[in-house]
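Could you have a look at this one with me before we talk? My notes are below, in the order I would go through them.

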Number of protein chains: 2
Amino acid sequence: MAAEDERFRSSDSIRNARPLRHGRIERFEGPFPLEHGGSLAEVEVCFETFGELDAERSNAVLVCHAISGDSHAARHGEDDDPGWWDAVVGPGKPVDTLRHFVICPNVLGGCRGTTGPGSVDPSTGRPYGRSFPTITVGDMVRLHVQLLDRLGIAQLLAAVGGSLGGHQVLELATSFPDRVRGAAVIASSPHLTAQALAFDVVGRNAILRDPNYQASEPGEGPGPAVGLAIARMLGHVTYLSREAMMEKFGGSRLALEASPAAFERRFEVGSYLAHQGEKFVERFDANSYVTLSLAMDLFSVGETRADLVERLGRSRCDWLVVSFSSDWLFPPFQSEQIVDALLAAGRTVSSCVVESRFGHDAFLLDDDIDRYGALLRGFLDRIDAGPLPDPAEEMDAAGLDPTSIFHARRVDYDRIVELVDPGASVLDLGCGEGGLLARLAARGSRRLVGLEIDEDEVVVCARRGLPVVHSDIVSGLARFHDGEFDVVILSQTLQSVRDVDLVMTEMLRVGRRCVVSFPNLAFRANRERLASGGRAPVPAFLGPRHWYDTPDVRALSIADFEDYCTEREIRILRRVALDTTTGKLVSHDPNLDADVAVFVIAR
Amino acid sequence: MAAEDERFRSSDSIRNARPLRHGRIERFEGPFPLEHGGSLAEVEVCFETFGELDAERSNAVLVCHAISGDSHAARHGEDDDPGWWDAVVGPGKPVDTLRHFVICPNVLGGCRGTTGPGSVDPSTGRPYGRSFPTITVGDMVRLHVQLLDRLGIAQLLAAVGGSLGGHQVLELATSFPDRVRGAAVIASSPHLTAQALAFDVVGRNAILRDPNYQASEPGEGPGPAVGLAIARMLGHVTYLSREAMMEKFGGSRLALEASPAAFERRFEVGSYLAHQGEKFVERFDANSYVTLSLAMDLFSVGETRADLVERLGRSRCDWLVVSFSSDWLFPPFQSEQIVDALLAAGRTVSSCVVESRFGHDAFLLDDDIDRYGALLRGFLDRIDAGPLPDPAEEMDAAGLDPTSIFHARRVDYDRIVELVDPGASVLDLGCGEGGLLARLAARGSRRLVGLEIDEDEVVVCARRGLPVVHSDIVSGLARFHDGEFDVVILSQTLQSVRDVDLVMTEMLRVGRRCVVSFPNLAFRANRERLASGGRAPVPAFLGPRHWYDTPDVRALSIADFEDYCTEREIRILRRVALDTTTGKLVSHDPNLDADVAVFVIAR
């Protein structure tokens, strides 16, 4: 017990922690002013780099770490210590150090080499400790920019970060818009939820009310080891999903051990938390923890939608926003707020809510790397490459099956592409794997946006370098202004729409023109099937289906659609009727002789 | 600051808290053995009663409180202090004190009059304090039963409780099955999730590692006021939903006040939590908190499904299980596990997941009382009343519109009722407001269960005293054994089923016979509409609809269904074809002349 208590007496040992093995130090003289008042007489940044800067200085990627991270994002070699983001950063990894020059600085206020509470205050000759001033994410990012200046990097290819790292990316892209071409915000938010903030407050109270915190002078006496351990335990609970905890700790309600002087170890999960808390105290400084958690709490790129649109609208870069379904600390709806505001501000953004069981921690693990890694890789490729590739070539490259639905849609797509003016801005609702978008991109387009609800298809689009937002049609449409697009396309999707009136109203609001295609229920063969056969016709443009397994929820004829347009006072600008069995246009009695129709409509 | 520190120095003042104003004390001599070992030399129970016990002693309702509750469930009069469940208990309230005799005891281990850590240990003459033994929910409930014996109550009408109160209800109904006719479990669970348990561990660590806890002897010295306040703050965060916190604390990131010696008040939510923590310390004993939170953590009615089925199968009562959609501490899926096991064990259960914004706290608030109050009232009425009322009479009483869908379905219902043997056990899939169930109940039935996905309709069924489980069809069917019901009914619901094969397979597994009714797409008028009119027919048995607003997702003809049965090797035992426009049976060419069909099928 004595040994254990000894271990918990102090976190002094790490207060003056030196930079990590591969850390380089840059020192900046002169006062560094702070957003919340005051200044630091001098600042040092500890950072690591991976890969080589190219001759044009155009391949630099800034990796921003979360609250307990440091400059060691990845291994520098086989025998190196593990990095905190080995899943993402390294040779051939999504952030590929064979192609990119990666810079990862320890943040201001940290305890791994960059100036923080453990650093010596030049005015006293002793560590800052509790007297370290309040710092903000804005302060952290200004220091990142000073470092970039020192390294001679005028513009980053991209800035990438999760959690607090995502906050730094948001800050950089909006406060220094010329410094970055792509911003990837992962498992992050415009600001903490009241719930996440509340957990931080409870954790800080545990530290600040630890008598060993109150008793100690900066740099002296025992540190608040119990308070810090409790804050870390609490943090750990919030980083995991409920599902992950259930799997990890099963249902064991066994009393393992009751040791009144140390942390409770009655339950498996208690034992785990005690271990996490104790381990953290050995490597982290309590004042750094208080400083960084407060910086997170104070961070906000906007409380209202209008604020967010204004602030994010200052950015000039492309965006990738990724969240994880089971992350309840930085819940997906907060990432959606970022996406929403970026779209409203007319920025280019790709997004995905990755289905995951791993909670907030998902962005650090390699379990879901196939998804978020692919999204990140595709995003960096897109920024790097510039114009979009030719759809046919790149369909082969992506290994897409030419006999798939994608292929079957071609006849339809060709007609639709002909109906869209070259260069027009286009929103494709339910864009699937991006076949139509890729065709439009190949012809050149002022702006292309796809909405797709299926995560797999969003990932395919990301691989193809297409900017696609992971969203259902209704909430996706709500994000755009009146008449924002020249053309809105609803291709072979009307039959799966539940609220037809809402979708039609919204697409006609957002698009100056709309293109709608659907299978025709009143096609000759369908009529015969019901009238003579007494069987339900199932329009099956994309493959044979039955009444019991069709994915469609609506069936309509060309005449039904025309009736609907008349009733709702929608103008029909053009109608193209097709018989896809022969590949021919139908001009006479299309409601009888066409199996697919494409309409161009407007208000 | 001095005054504040003084206030926080000790929670001694409440260690010997006397019973509340209306509390009565019953004292039990002799050793009271404890489940986790040891015994208490004597125990006292503080309890309050509301209303009058009837001559048959058959109207008693036991109300069980949660961790920070006490015997004062409700006001005893206008000028009384508020009770913790005034929303639910009182004259004319869901637990109606004009009809029921309500008993609410403070739990064993509590600090409001019942024996707990603040009570004097007869062996030392001093309060138990930290030496109070580990107690379990089982111990609490054995003491409840001793109290019932003392009051001469052989069988309760019902036991009702939320959270830890729900755990007591589960324990009572399974360990003392003869003592209760109805068990209502609200916002509770078979056991805590690993996540909820983890929060408890962190809170207890804050108390147990508070130096004022370690330093104090039982009944002496300052108590762990800081640790208890931190535990309570953490508890509060878990009782609220994220939505509710966002509404309550908005986006304010203002620094309100920084007072290093007291709890952090920088943010609105921090100020709120500090207040909650401080208030709690004034009224609650830290050792009681540790004792009760540990009892919750140790509680389990079964870790596996098999355990749960075995344990819950010991009960003999009717059940009501209510959860709240935004409760993440006792999440709805845990209540569903209870429902699932009760159904598997053949018990009668009604259930509902109430759509709520208020998190775990919802069961204490009156915001959602229209829902959970109605469910509770209907449940108590059902147990009280015995046989179900006549559906026609009771439709009038419930104020149901005779021109509603319910009424329109009558023709169909009459045919279905004729196809079900009197007394047969019946499962009705998608039972709506319970019109068919009520008809079957009026004829007498061995067992009736309804499944309904719509919360409003579940509440209507509860008001009618029908046992309905709030569930979708697929996950509902999965809960039943092979051949568990004589008849499974899918009335006018096939057309809204997405996975037809799964539902058909499952209903044929669970029911020895199945009754399926649906509108016939190949009805003469529908054929004409497509063949001659070129418009989509929309079978509209329950009212006129269009292709764009029908709730149906499937359209099929009688012939389609017969083809399907042939393909899938399903036996058709009987077919009844109806023309509901004339109200007549159709015998010649039903696929052309009937608009509705009812099939009896089996494997």
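1. First, the ground rules. This is a predicted model, so to speak of a local feature takes a pLDDT of at least 70, side-chain atom pairs count only at pLDDT 80 or more, and totals for chains, interfaces and linings use all residues. Residues are numbered from 1 along each chain as its sequence is written, while chains are lettered from A and ligands numbered from 1 in the order in which they are written.

2. Now the confidence. pLDDT is the predictor's confidence in each residue, from 0 to 100. Chain A has a mean pLDDT of 89, with 89% of its residues at 70 or more. Over residues 1-16 of chain A, though, the pLDDT is below 50, and the model gives this stretch 28 contacts beyond near neighbours in sequence. Residues 387-409 of chain A also stay under 50, with 26 contacts beyond four places in sequence. A contact here means two residues whose C-beta atoms, placed from the backbone, lie within 7 Å. For the model as a whole, the scores are ipTM 0.89 and pTM 0.91.

3. Next, chain A in outline. Its secondary structure comes to 22 helices and 22 strands; these are DSSP runs numbered from the N terminus, helices being H or I with at least four residues and strands E with at least two. Of the 603 residues of chain A, 57% count as buried. Buried means that 20 or more other C-beta atoms lie within 10 Å of a residue's own, exposed means 12 or fewer, and partly exposed is in between, with C-beta atoms placed from the backbone. Among the contacts in chain A with a separation of 6 or more, 70% are between residues 24 or more positions apart.

4. Strands pair if DSSP finds at least two bridges between them. Strand 5 (residues 60-64) of chain A pairs in the parallel sense with strand 8 (residues 101-105) of chain A over three bridges, and A:Phe101 is the bridge partner of A:Ala60. Strand 5 of chain A also runs parallel to strand 11 (residues 158-162) of chain A, joined by four bridges; there, A:Cys64 has A:Gly161 as its bridge partner. Strand 11 of chain A is in turn joined to strand 12 of chain A by four bridges, again parallel, with A:Val185 as the bridge partner of A:Gly161.

5. How are the faces of these strands covered? In a regular strand the side chains alternate between the two faces of the sheet. In strand 5 of chain A, A:Ala60, A:Leu62 and A:Cys64 are on one side, A:Val61 and A:Val63 are on the other, and all are buried. Strand 12 of chain A has five of its five residues buried, so it is largely enclosed by the rest of the structure. A:Gly182, A:Ala184 and A:Ile186 point one way from strand 12 of chain A, and A:Ala183 and A:Val185 the other way.

6. Which elements cover helix 11 of chain A? This helix (residues 332-344) has 13 residues and reaches 18 Å from its first C-alpha to its last, close to the 18 Å expected at 1.5 Å a residue (the rule is 1.5 Å times one less than the number of residues). In helix 11 of chain A, 10 of the 13 residues are buried, including A:Ile338, A:Val339 and A:Leu342. What covers them includes strand 12 (182-186), helix 10 (305-312) and strand 14 (349-354) of chain A. After the helix comes A:Gly346, with a positive phi near 75°.

7. Finally, the two chains together. In the interface, 59 residues of chain A are in contact with 59 residues of chain B. Helix 4 (residues 194-208) of chain A gives the most to chain A's side, with 11 residues. That side divides into 37 nonpolar, 10 polar and 12 charged residues (Ala, Val, Leu, Ile, Met, Phe, Trp, Tyr, Cys and Pro count as nonpolar, Asp, Glu, Lys and Arg as charged, and the others, Gly among them, as polar).

8. How do the copies relate? Chain A can be laid on chain B with an RMSD of 0.1 Å by a turn of 180° and a shift of 0.1 Å along the axis, superposing by least squares on the C-alpha atoms of residues with pLDDT of at least 70 in both. The two copies are thus related as by a two-fold rotation axis. In chain A, the C-alpha of A:Val553 is nearest the axis, 2.2 Å from it.
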